Amino acid sequence: MDLKRRILKLMENDAHLSAATMAVMLDASENEVRAAIEDMEKDKTILGYSTIINWEHAGEDGVTAMIDVKVAPEREVGFSRVAQRICRFPEVRSVYLMSGTYDLSVVVSGDSMKDIAAFVSHKLSTLDEVQSTVTHFILKRYKRENFIFEEPEEDKRLVVSP
Amino acid sequence: MDKYLTSTVKSIPPSGIRKFFDLVMQTEGVISLGVGEPDFVTPWHVREACFYSLERGYTMYTSNQGLLELREEIAAYEKRKIGVEYSPAHEVLVTIGVSEAVDLALRALIEPGDEVLVPEPCYVAYAPGAALVHGKAIPLETFDSDQYRLRPDILEKNITPRSKVLILAYPNNPTGGIMRHEDLQALVDIIIRHDLIVISDEIYSELTYEGQHVSIASFPGMKDRTLVMNGFSKAFAMTGWRVGFACGHPDLIAAMNKIHQYTIMCAPIMSQKAAVEALRHGEGEMRKMVENYNFRRKLILSGLREIGLDCFEPRGAFYCFPSIKGTGMSSEDFCELLLREEQVAVVPGNAFGSSGEGFIRCCYAASVPNIEQAIERMGSFLRRHSSALSNTGG
C-alpha cells in the first residue's frame with residue numbers, strides 16, 4: 001500500500017496523530033508524511049477535520065433527522081444538480097444518493113423539531129424537483145463513525161502480569 | 001502450616017512479578033507498560049459466538065481432548081500456518097491455555113533428575129514447571145548481541161546424559177526475539193543427535209513482524225519429537241478464556257490427555273466454542289490487531305532509543321527489552337524508582353531469569369498517547385539519574 005493510503009488508514013481512526021508519530025509508525029520521514037498530507041488536503045482527498053462529539057454529555061439538546069427524499073431526475077445531470085442545491089443549506093449535514101425506494105437521504109440538524117419541520121416544509125419540499133419527503137427523527141445515538149456512545153471501555157487488565 | 005508443605009513447593013521462588021505488582025497497586029496515576037496481554041478486547045464476533053453457544057445450551061463437558069470441531073480447526077490452522085499436518089483425532093489436545101499444555105508435557109516426560117533446557121530470558125513458568133515434577137531446569141543464556149536467538153554452541157555445551165526436553169519459546173516473551181529458518185536449522189541436528197524432545201511454545205507466532213513464523217516441527221525428522229503449543233490468548237486477544245492446545249506424537253498426546261482427564265477433565269465448552277469461531281472467522285480482525293501492534297512497536301522502539309536506551313529491535317510478540325545497564329542500577333531498583341518517581345510501570349528483566357538482569361520489559365500493547373507519555377517520563381527519569389551518576393563520578 002502506498003504511503004498516502006497508509007497515512008489515511010491511521011488518520012481515519014485518530015486525526016490527532018502527529019506527523020512525527022506517523023513517520024515512525026510507517027517507516028517514512030516526517031517531511032514525507034507532511035508533504036503527503038498537504039497533497040491530500042489540496043486535492044480534497046482529505047476534506048477536513050472535525051470532532052465527534054457526544055452533545056448530550058455537553059448538555060446540548062440538538063435535534064437531527066434523516067429525510068428520505070424522492071426527486072425527479074433531470075436530463076443530463078440526473079440527481080446531481082438538485083443534490084448540490086440541497087447541500088448548500090447550512091442545516092444539511094450530509095446528502096447521499098441511495099438505491100431503493102427513495103433517491104436522496106438528507107441528514108439535517110437543528111435546535112428543535114420545529115426548526116427541522118420548517119426546513120422541510122419551506123425549503124426542501126418547495127424545490128421543484130422534490131416529489132415527496134419522509135422525515136425520521138433520531139431518538140438516540142448508539143454509535144457514530146466507529147465510536148460507541150456510552151461509557152468508555154476502561155482498561156480492565158491487571159497492571160502488571162507475566 | 002509451613003511444616004505441612006512439601007519441600008518441592010517451598011523450593012519454588014514466588015514470582016518476581018507478584019512483588020512488583022503489589023507495589024504498582026499502591027501507586028496512583030500509573031501508566032503501565034507492565035502488562036503481558038493484548039490491549040484489545042476479544043473481537044465481538046467471537047464474544048457473540050460464545051453467547052450464541054450458551055443460548056443453544058452448550059453448557060456441558062466436552063470430550064477430554066476437546067471438541068472435535070475445534071481440533072479439526074486447529075489441525076487445519078497448523079497446516080496453514082506451519083505446514084505440518086496433525087490428525088485431529090490423535091494428535092491434538094485442547095488445554096486450559098498453553099500453561100496447562102506445558103505442565104502436562106513436563107509431567108508426561110520428566111523423571112526426577114531429568115534436565116529441561118530453557119533458553120533465558122523467558123516466560124516465568126518453565127523452570128517452576130520442571131521443579132514441580134522434580135526435574136531440573138538448565139538455563140541456556142541468550143544475548144541481545146545475538147538478537148536473543150538460541151545459539152547452537154550454547155545448546156550443545158549444556159547437554160548432559162540427563163537432558164531430555166528443550167523448550168523453545170519464540171517469538172519470545174520478554175525479549176521479542178524470534179528464530180528464523182536458518183537459526184532453527186542450526187539446532188535440528190543437535191536435537192536429533194541427542195534425542196531431545198522439543199516443547200515449542202508458539203503462543204506469539206502470529207505476532208511476527210517482517211517475515212513468517214517458522215516452527216521447528218516443520219523440519220524433517222522433527223514433527224514426532226516436537227510438541228507444538230499455541231493458543232488464542234495473544235493473537236485473538238482471548239487471554240481470559242483460557243484455551244490453548246498442544247499438537248504432537250499420538251503417544252505423547254495420549255499420555256498428556258490421561259493427566260488432563262484426571263486433573264482438568266476438559267477445557268470450558270464456551271471457550272472452546274469461541275475458539276472455533278476465532279479460527280473460522282477471526283483472521284481479518286487478528287491481522288488488523290497485528291498491524292496495530294507493529295505501528296506501536298516502531299513507535300516505542302524509536303522512543304526508547306531516542307531517550308538513550310540501547311534496545312535490540314524486537315521482531316515478535318509485543319515487548320521491547322531495552323538495556324538499562326548504563327544507569328548503573330539493577331533492574332529491580334530501576335523499576336521501583338521509575339514507578340515511584342514517574343509512575344511508569346515496566347517489569348524488571350531479572351523476573352525472566354538471571355540473564356535478564358540489566359534489562360527491563362516494556363509492553364507496547366498500550367495506547368499511543370500512553371506510550372508517548374511513558375517514554376517522556378522515562379526520558380526525564382534518565383536525564384535526572386544520568387546527571388546524578390556523572391556528578392558522583394559514576
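Trainee: How many helices and strands are there in chain B?
Mentor: This is a predicted model, so the count describes a prediction. The elements in chain B come to 13 helices and 12 strands.

Trainee: What radius of gyration does chain B have, against that of a compact globule?
Mentor: Chain B has 394 residues. The C-alpha atoms of chain B fill a box of roughly 65 × 55 × 50 Å along the principal axes.

Trainee: What percentage of the residues of chain A count as buried?
Mentor: Take chain B as a reference, where buried residues make up 49% of the 394 residues. Burial here needs 20 or more other C-beta atoms within 10 Å. For the 162 residues of chain A, the share is 17%.

Trainee: What pattern does chain A follow along the sequence?
Mentor: Chain A holds five helices and six strands. Read along the sequence, they give α-α-α-β-α-β-β-α-β-β-β.

Trainee: What distance separates the centres of the two domains of chain A?
Mentor: The assignment gives domain 1 as 3-42 and domain 2 as 63-140 in chain A. Taken over C-alpha atoms, their centres are separated by 35 Å.

Trainee: Which helix gives the largest share of the side of domain 1 of chain B that touches domain 2 of chain B?
Mentor: In chain B, 35 residues of domain 1 are in contact with 38 residues of domain 2. Helix 1 (7-11), helix 11 (283-306) and strand 9 (319-320) of chain B each supply at least two residues of the domain 1 side. The largest share is seven residues, and it comes from helix 11 of chain B.

Trainee: How many residues on that side of domain 1 of chain B are nonpolar?
Mentor: Sort the residues of this side by type. There are five charged and 12 polar residues. The nonpolar residues number 18.

Trainee: Is B:Phe295 buried or exposed?
Mentor: B:Phe295 lies in helix 11 of chain B. The cut-off for burial is 20 or more other C-beta atoms within 10 Å. B:Phe295 has 20 such neighbours, so it counts as buried.

Trainee: Which helix of chain B gives the most to the side that touches chain A?
Mentor: Here 23 residues of chain B are in contact with 13 residues of chain A. Helix 2 (16-25) and helix 11 of chain B each supply at least two residues of the chain B side. The most, five residues, comes from helix 2 of chain B.

Trainee: How many residues of the side of chain B that touches chain A are nonpolar?
Mentor: That side holds three charged and five polar residues. Its nonpolar residues number 15.

Trainee: Which residue in strand 8 of chain B is the bridge partner of B:Leu93?
Mentor: Strand 2 (residues 92-95) and strand 8 of chain B run antiparallel, joined by four bridges. Strand 7 (residues 226-231) also pairs with strand 8 of chain B in the antiparallel sense, over four bridges. B:Met229 stands opposite B:Ala246. The partner of B:Leu93 is B:Ala246.

Trainee: Which residues are buried on the two sides of strand 8 of chain B?
Mentor: Strand 8 of chain B covers residues 244-247, and both of its faces are covered. One side has B:Gly244 and B:Ala246. The other has B:Phe245 and B:Cys247.

Trainee: Which elements of chain B do the buried residues of helix 4 pack against?
Mentor: The buried residues of helix 4 of chain B include B:Leu70, B:Ile74 and B:Glu78. Just after this helix, B:Gly83 takes a positive phi of about 75°. The buried residues of helix 4 pack against strand 2, strand 7, strand 8 and helix 10 (269-281) of chain B.

How values were computed:
Residues are numbered from 1 along each chain as its sequence is written. Chains are lettered from A and ligands numbered from 1 in the order in which they are written. This is a predicted model: local features need pLDDT of at least 70, side-chain atom pairs count only at pLDDT 80 or more; totals for chains, interfaces and linings use all residues. Two residues are in contact if their C-beta atoms, placed from the backbone, lie within 7 Å. Ala, Val, Leu, Ile, Met, Phe, Trp, Tyr, Cys and Pro count as nonpolar, Asp, Glu, Lys and Arg as charged, and the others, Gly among them, as polar. Domain bounds come from an automatic or database domain assignment. A residue is buried if 20 or more other C-beta atoms lie within 10 Å of its own, exposed if 12 or fewer, and partly exposed in between; C-beta atoms are placed from the backbone. Two strands pair if DSSP finds at least two bridges between them. The radius of gyration is taken over C-alpha atoms; the globule rule is 2.2 Å times the number of residues to the power 0.38.
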